[in-house]
Amino acid sequence: MKFTLSWLKEHLDTNATLDEIEFALSDMGLEVEGIENPAHALKTFTLAKVIDAEQHPDADRLRVCKVETNEGEKQIVCGAPNARAGITVVLCKPGDYVPGIDVTLSVGNIRGVESHGMMASERELELSDEHNGIIELPSGDVGQLFVDWLAENDPSKVDPVIEIAITPNRPDALGVHGIARDLAARGLGTLKTKEVRAVEGKFPCPVSVSIDEDTLEQAPVFYGRVIKGVKNGPSPVWLQDRLKAIGLRPISALVDITNYFTYDHNRPLHVFDADKVAGGALRVHRAKGGETFLALDEKEYTLVDGMTAISDANGVESLAGIMGGEHSGCTDETVNVFLEAAFFDPIRTAYTGRALKINSDARYRFERGIDPAWTPVGVEAATQMIIDLCGGEASDVVMAGEMPDHARAYKLDTDRVQSLVGMEISAEEQRATLTALGFVLEGDMAHVPSWRPDVLGEADLVEEVARIASLTKLKGKPLPRATTGVPKPILSPMQKREQIARRTTAALGYNECVSYSFIDKKSAALFGGGSDATMLANPISSDMSHMRPDLLAGLLQAAARNQARGFADMALFEVGPVFHGGEPNEQTLQIAGILVGRTGPKDVHGASRPVDLFDAKADVEAVLAALGAPAKVQILRDGATWWHPGRHGRICLGPKKMMAVFGEIHPKVLAEMDVKGPAVGFCIWPQDIPMPRNASSTRAALNINDLQAVERDFAFVVESSVEALTLINAASGADKALIEDVRVFDEFIGGSLGEGKKSIALTVRLQPADATLKEKEIEAVAAKIVEKVTKATGGILRG
């Protein structure tokens, strides 16, 4: 929304500066996007008087002028044909920047004669395209600032243009009068109210109007009248200057008047050439679909069923609330004009404009909501201006439909400002603010003005009061403490674990990813998802159709994108929710990481190697330790199908209590995700890690046992298909109180063992707690170990 300062002052009696107006507008929610102030470019130029002008000794078209300035007499060489003694000119001195020629002046030497500045033309100062000669002023004193002279004699040339951003809920600010009302309520002046008198009709209106019964919701009311005997032509200079300043092209007096009211009072109007209205009647109706319409933008549109159209006997002449028709548009030959002012439904107008892809000032305003109560007033105001500028005689006003009733009132609770906004504003000030904004107060009830469709509740009244009072006055206050003493931790235990996991994984060298929670169906299916339970009803795109069942999917997609750009080796992790359904209880928190490629760049020492599952195992154990997971765990197989069947492990506290999983990603999954291996990863479910029994943040006392530990070695011959992990788990379960650790230290295949057999050697560490172990006790535990391993694997103790 653009307007000039002088236009604003026609509606607001104010002495406020431009800076004060700019601050107030932005502070009240009408954000100032920019101010074009022509005076800034002209502020250094002064007036001067030519004392004498003589022919240049070495050029036929140049004259050497003696010019009286505020710095004394100067010599200036000028090539303008009108340079002569006695005229008052605009002087540009050395050091001044001349915008029209994009030059900063300096003392020049023109054909051997020094020139101390220049006398400017209008084009050189970007005032117009006139450049046939220098500016001659009819008045002015030597040394007077040119901008001050323009402000007194031609103010439109230095009139600042203000542009504000309008939010969809403030259609009243799409008119200069509405902006002035807000500024007056803030205290920056007094709102000027112009009385609009009804123009007496001299004859019955020769054009009748009607609204179809099924169209009344889309077009509740329609006003119009004929003005005959008008003389259309260029609009007056003041009106043209005003429209040009805000970026509109003057067309003709009749059209310019309708554009003026569109911006002045947010009242779109339309003028028909009354002699081109076939049948002497206009009908507002719903389009049946298929009608064609040549609009004022010289484009033909095909209407769709339900659009609001205005037709005469020959067909559609205007698209209601959006654009008029070329056929019935006014030209310089127009003598009789039909002036239309109506109210059209905002939603229907928006649908029509979007469907036909028409953007116009009328549509912009109607789809946000105009003031329905000003519709008949707008007819009278526009009629008077047409008669004043174009002459003519007005008919009686014709009307179809009924004025829509938008009346509503809400209770003003003056105490809610404190509770909702946190500002202390007296009840008297609140009532005065609402009254200044046009609300009518009856007791505690505030009746909403017709131009404010956005006010729909008691909270909106509080917002209006706070907005005018200025939220910059709001002072921050700390929240009162619920309890005294040291405050309790803000983060929950699970949030704390999430924080620890992020820091620990990043410290291990991983880069954190933040990916969408949505992935495509194909990728979701690779990780056990892709069902209807996790499908989005309205996805952003086909690549984001399902909720992610596992973080690995997003990480592998990120890895593929990086590999496609030449980054082969990477360590990525993410912390976030994964989903198994659409209900709140069907999502869990997960921590996932992947290693892709090699452990580092190739070097001469051969330290670089491809990543393997033991890299992932070391990292997942480090994160689990930081999260407080128990040290004694079981590592089991039978993981999900996206893990390599022989190169992964589930970290469990029992067969059914899994805390994490690590290993190689299945080659088929890597191929589907277009990731070049090797790739290993891990997943942790922090909610499945037991919470510590002691909630203290202090570290537990170090427990060092003073009893001698005992280690015993065992070698078992088992089938080659038996996993070493099976032996470790069996041996560990022989005596959980005494056995502290079980490790594999050797594996032998072949030789005297025969086909299909292998030998696995274990070291078992026994740590007594009460007394030093005796030989019998050690042998008893050893027997249990042999028994457990034999039962679990079918193997025998190697002799």
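**Exercise 1. Determine whether L42 is buried or exposed, and list its contacts.**

Solution. Step 1: L42 has a relative accessible area of 1% and is therefore buried (buried is under 20% relative accessible area, exposed over 50%, partly exposed in between, with a 1.4 Å probe and protein chains only). This is a predicted model, in which local features need pLDDT of at least 70 and side-chain atom pairs count only at pLDDT 80 or more, while totals for chains, interfaces and linings use all residues. Residues are numbered from 1 along each chain as its sequence is written, and side-chain values use heavy atoms, with hydrogens and water left out.

Step 1: L42 belongs to helix α3, residues 38–42 (helices are DSSP runs of H or I with at least four residues, strands are E runs of at least two, numbered from the N terminus).

Step 2: Setting aside neighbours within four places in sequence, L42 contacts L125, L127, F146, V147, L150 and V158 (contact means heavy atoms within 4.5 Å).

Step 3: C92 is 50 residues from L42 in sequence, and their C-alpha atoms are 9.6 Å apart.

**Exercise 2. Describe the buried side of α17 and what covers it.**

Solution. Step 1: Helix α17 (residues 613–626) has 14 residues and spans 20 Å from first to last C-alpha, close to the expected 20 Å (1.5 Å times one less than the number of residues).

Step 1: L613, D615, A616, D619, V620, V623 and L624 of α17 are buried. They lie on the same side of α17 because they cover an arc of only 165 degrees around the axis (the arc is that of the directions from the helix axis to the C-beta atoms).

Step 2: The face turned away from the buried side carries the exposed residues F614 and A625.

Step 3: The cover over the buried residues includes α14 (493–507), β34 (587–596), β36 (643–654), β37 (657–665) and β38 (679–684).

Step 4: At the N-terminal end, D612 caps α17 with a side-chain oxygen 3.0 Å from the backbone nitrogen of F614. G628, with a positive phi near 90 degrees, follows α17.

**Exercise 3. State how many residues of α16 are buried, and describe what lies at its start and just after it.**

Solution. Step 1: Ten of the 14 residues of α16 are buried, so the helix is largely enclosed by the rest of the structure. Among them are L551, L552, A553 and Q563.

Step 1: At the start of α16, a side-chain oxygen of D550 comes within 2.9 Å of the backbone nitrogen of L552.

Step 2: Just after α16, G566 has a positive phi of about 95 degrees.

Technical notes:
A polar contact is a pair of N or O atoms within 3.5 Å; within protein, one must be able to donate a hydrogen and the other to accept it, and residues adjacent in sequence count only if both atoms are side-chain atoms.
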